[in-house]
Amino acid sequence: MPASGRDVRVGVNIPTRHCCDPSLLEDVRSALNESGLDPRHLLIEITESVLMTSPGHIIPVLDSIKSMGISIALDDFGTGYSSLSYLQQLPIEVLKIDKSFRDSTSTVRCPPLEFTPT
């Protein structure tokens with residue numbers, strides 16, 4: 001833990017081609033072993049498009065990653081399917097909303113969106 005007393009996480013974007021690679025889980029395990037990083041300090045980021053490409057494959061992989069103690073973020077939310085109800089089925093802890101999605105809400109005639117952690 002840093003001197004400030006706050007936990008720091010390292011975010012790693014996983015490219016689309018690697019998300020569908022059968023070696024992903026082993027690669028993550030190896031990286032943790034080689035680096036000595038506590039899994040609680042790793043944040044794996046995947047894009048919404050990866051999730052929509054092969055949800056049947058990627059969701060079990062994400063479940064395995066999460067069971068290792070690693071946090072998962074869904075990046076670029078709002079560029080594809082963008083179903084809030086679908087998010088409930090995913091083992092994600094962080095939702096990163098794409099700028100184009102946020103910007104598009106300013107053209108809609110409704111109060112500004114507020115995003116509050118629960």
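Tutor: A salt bridge is a side-chain nitrogen of Lys or Arg within 4 Å of a carboxyl oxygen of Asp or Glu. The structure under discussion is a predicted model.

Student: How many salt bridges does a search of the whole structure find?

Tutor: In this predicted model, side-chain atom pairs count only at pLDDT 80 or more. On that basis, the number of salt bridges found in the whole structure is four.

Student: What is the N to O distance in the salt bridge of E26 and R29?

Tutor: Both residues belong to helix α2 (residues 24–35), where they lie three residues apart, about one turn of the helix. E26 is partly exposed at 44% relative accessibility, and R29 is partly exposed at 36%. Their side chains meet with an N to O distance of 3.9 Å.

Student: How many residues apart in sequence are the parts that K96 and E45 tie together?

Tutor: K96 and E45 form a salt bridge, with the closest N and O atoms 3.0 Å apart. K96 lies in strand β4 and E45 in strand β2, so the separation in sequence of the parts that the pair ties together is 51 residues.

Student: Is E45 buried or exposed?

Tutor: Buried means under 20% relative accessible area. K96, the salt-bridge partner of E45, is partly exposed at 32%. E45 has a relative accessibility of 8%, so it counts as buried.

Student: Where does E93, the partner of K66, lie?

Tutor: K66 forms a salt bridge with E93, and the closest N and O atoms are 4.0 Å apart. The pair links distant parts of the chain, 27 residues apart: K66 is in helix α4 (residues 55–67), and E93 is in the loop between α5 (84–87) and β4. K66 is partly exposed at 34%, as is E93 at 45%. The location asked for is thus the loop between α5 and β4.

Student: Which residue of β3 does E45 stand opposite?

Tutor: Strand β2 (residues 42–47) and β3 run parallel and are joined by five bridges. Within β3, the residue opposite E45 is A73.

Student: What is the bridge partner of F77 in β4?

Tutor: β3 also pairs with strand β4 (residues 94–97), in the parallel sense and over three bridges. In β4, the bridge partner of F77 is I97.

Student: How many of the seven residues of strand β3 are buried?

Tutor: Strand β3 spans residues 71–77 and is largely enclosed by the rest of the structure.

Student: Which element gives the most residues to the largest nonpolar core?

Tutor: This core has 25 residues, of which I44, I46, L51, I58, I65, L74 and L90 touch the most other members. At least two residues each come from α2, β2, α3 (48–53), α4, β3 and α5. With five residues, the element that gives the most is α4.

Student: Which residues does L90 touch, not counting those up to four places away in sequence?

Tutor: L90 is among the core members that touch the most others. Beyond its sequence neighbours, L90 touches L51, I59 and L74.

Student: What separates the C-alpha atoms of I70 and R9?

Tutor: I70 lies in the loop between α4 and β3 and counts as buried at 1% relative accessibility. Leaving aside neighbours within four places in sequence, I70 is in contact with V28, L32, P39, L42, I44, I65 and E93. R9 is 61 residues from I70 along the chain, and their C-alpha atoms are separated by 9.9 Å.

Student: In what order do the elements of the protein chain run from the N terminus on?

Tutor: The protein chain has six helices and four strands. From the N terminus on, their order is β-α-α-β-α-α-β-α-β-α.

Student: What share of the residues of the protein chain count as buried?

Tutor: The protein chain exposes about 7,700 Å², with carbon and sulfur atoms supplying 54% of it. Among contacts with a separation of 6 or more, residues 24 or more positions apart account for 63%. Of the 118 residues of the chain, the share that count as buried is 32%.

Student: In which helix is confidence lowest?

Tutor: The mean pLDDT of the protein chain is 81, and 76% of its residues reach 70 or more. Confidence is highest in α2, at 95. The lowest value, a mean of 64, belongs to helix α6.

Methods
Residues numbered from 1 in each chain as written. Heavy atoms only, no water. Buried < 20%, exposed > 50% of the residue type's maximum accessible area, 1.4 Å probe, protein only. Pairing = 2+ DSSP bridges. pLDDT = per-residue confidence, 0-100. Core = buried A, V, L, I, M, F, W, Y, C linked by side-chain atoms within 4.5 Å. Contact = heavy atoms within 4.5 Å. Areas by Shrake-Rupley, 256 points an atom, 1.4 Å probe, with all protein chains shown as cover.
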